[in-house]
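Let's take a friendly walk through this fold, one piece at a time. Have the sequence and the 3D view open side by side as you read.

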Amino acid sequence: MPTPSSYIIWLIGPDSYYVTRLCHRLCLNPDYQVRRFTSVAAALAARPSPGSPLPNALVLDSDDAAQQLPQRLLAKLRERLPEAPLFVLADQANATLEAQLLSQGITAYLVKDAGSPERLWQALAKTREPQPTPPPADSPASHLLLGEHPTILRVRELITKAARTSITVSVSGETGTGKEVVAQAIHAQSSRVGKPFVALNMAAIPRELLESELFGHEKGAFTGAASRRTGRFEEASGGTLFLDEIADLELTLQAKLLRVLQERTITRVGGRDAIPFDVRLVVATHRDLAAEVRAGRFREDLYYRLLGLPIELPPLRSRGQDVLLLATAFERAFSQQNGLPSRPFSKEARQALLNYAFPGNVRELKAVVELATVLAEGAQLEAADLPFRNLAPVADGPAPKGQHPSLREQTLAIMQQSLNDMQGDVVAAAGRLRVGRSTLYRLIQSGELRLPTSAT
Ligand SMILES: Nc1ncnc2c1ncn2[C@@H]1O[C@H](COP(=O)(O)OP(=O)(O)OP(=O)(O)O)[C@@H](O)[C@H]1O
């Protein structure tokens, strides 16, 4: 009998072994009242008598027909019970379907495996916690690696495999190819999902502060260390630590990191205690790490320790029709966030997208599509609305300089403005611009961006 504190869960799914086990698992929580339905239609038909409580959460096991979810009924269910978080359990990862369902308002898409009851349990518990701040409206969700190209399907397979254990994962690929998305996807699919995901960019932290940033420091460890501070290894406890631009780690810190990984303990700067840690490490670089080893800039022993499960992200220009799939997803998400009607790309625009080489990969595609959405006046997004540096294939050589500033010039101007507005706070500027911090640091290093004088 539900008590006033009961949390009512409608579990919708066939009479299978999985659902029975899940029901049993959920019922272990004395606060949960689980009501079972064998189909969405049956749940829709359940008319709670006046005064009887509505469900607090809906869990739908899509059975083996992940591709054939009863979308219409699902939409009805969402409409009938808009407040209840809705979790969909599916047999296989399908980022396109997941993105589509998330845009229809489901709360999470979980792939069924041995760990999924636990992940669902944690996700349900989360919905009961007061949410301090709503997550940023940055759909498609930041952990979804969209794409149907065989190389991306393979990457998603590797993500699922990596998620089952705590193996270290090393991700390589050009800038903007989605290395951080891979790290987030592994975290989101793993049993660590309820714990922190912490990202640290090696290129973004001044050398002298990096050790303390990674491992923390004790009070008085160095000038300016006014109090004890925990490092990223401790912050990520139980979760995932994403170390980006790992090739930028200098040799002395490489030796320290190696020791930490061998001993599975960290010592704070200025401290004595060896503190054990439990984190999954995902490392990434846009450089060829093996070449860095050959050049003597990266320790070979650390290289082998970090290699773990290697995942390589291909450049966007070699992913065929994925350019169009991603462009459409970004256009829809951006229009939705900004209350604009979604518009298709014209045939010429699609061809232009396929012809362009995207040196900045998916990040550049996203920027181009978002700007096109802002600039376009017509019912479709036209080729002329796409603000490329050069509409012709890159192999044709750079476009002659016209009176209009190039996309790169416009982008740099926007970045510079943001850096100025944030008084040179690179992290805040990168957050506002939604670009990787390393991108800003690289542009500052190359002299294309300047820190405002007040910040230096
Ligand atoms: N396959 C994808 N599906 C959806 N979004 C993607 C995909 N790949 C990249 N993105 C988006 O593109 C942008 C860049 O991705 P991300 O930051 O993961 O790239 P990166 O390879 O880590 O870049 P960097 O080398 O600069 O650190 C982000 O906004 C990310 O959400």
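Helices α6 and α7 cross in a right-handed way; a crossing gets that name if the near helix is turned clockwise from the far one by less than a right angle, and is left-handed if the turn is anticlockwise. Helices here are DSSP runs of H or I with at least four residues, strands are runs of E with at least two, and both are numbered from the N terminus. Before going on, please note that this is a predicted model, in which local features need pLDDT of at least 70 and side-chain atom pairs count only at pLDDT 80 or more, while totals for chains, interfaces and linings use all residues. Residue numbers start from 1 along each chain as its sequence is written.

Helix α6 covers residues 150-164, and its axis lies 8 Å from that of α7, at an angle of about 45 degrees. Axes are lines fitted to C-alpha atoms, for helices over the stretch in contact, and angles run from 0 to 180 degrees between N-to-C directions. That angle makes α6 oblique to α7, since angles under 35 degrees count as roughly parallel, over 145 as roughly antiparallel, 65 to 115 as roughly perpendicular and the rest as oblique. On the α6 side you will find Val 155, Ile 159, Thr 160, Ala 162 and Ala 163, which meet Val 182, Ala 185, Ile 186 and Gln 189 of α7; contact requires C-beta atoms, placed from the backbone, within 7 Å. This contact has 7 nonpolar, 2 polar and no charged residues. Here Ala, Val, Leu, Ile, Met, Phe, Trp, Tyr, Cys and Pro count as nonpolar, Asp, Glu, Lys and Arg as charged, and the others, Gly among them, as polar.

Next comes an open sheet of 5 strands with parallel pairing, in the order β7-β8-β11-β6-β12; two strands pair if DSSP finds at least two bridges between them. At its edges are β7 (197-201) and β12 (309-312), each pairing on one side only. From one strand to the next, the twist averages 20 degrees. Helix α7 packs on this sheet, touching β6, β7, β8 (240-244), β11 and β12, and its direction makes about 170 degrees with that of β8. Within the sheet, β6 (residues 169-172) and β11 (residues 280-285) pair in the parallel sense over 4 bridges, with Ser 170 standing opposite Val 283 in β11.

Which elements give two or more residues to the shell around the ligand? Of the 23 residues around the ligand, Gly 178, Lys 179, Glu 180, Val 362 and Gly 436 come nearest; a residue is near if its C-beta atom, placed from the backbone, lies within 6 Å. The elements in question are α7 (179-189), α15 (361-375) and α18 (437-445). By class, the shell holds 7 nonpolar, 11 polar and 5 charged residues.

Helix α15 also meets α13 (residues 322-337): their axes come within 9 Å and cross at roughly 50 degrees. That makes α13 oblique to α15, and the crossing is right-handed. Among the contact residues are Phe 330 and Phe 334 of α13 and Val 362 and Leu 365 of α15.

There is another open sheet of 5 parallel-paired strands, in the order β2-β1-β3-β4-β5. Its edge strands are β2 (32-37) and β5 (108-111). In β5, Tyr 109 is the bridge partner of Val 88.

Terms used: Contact = placed C-beta atoms within 7 Å.
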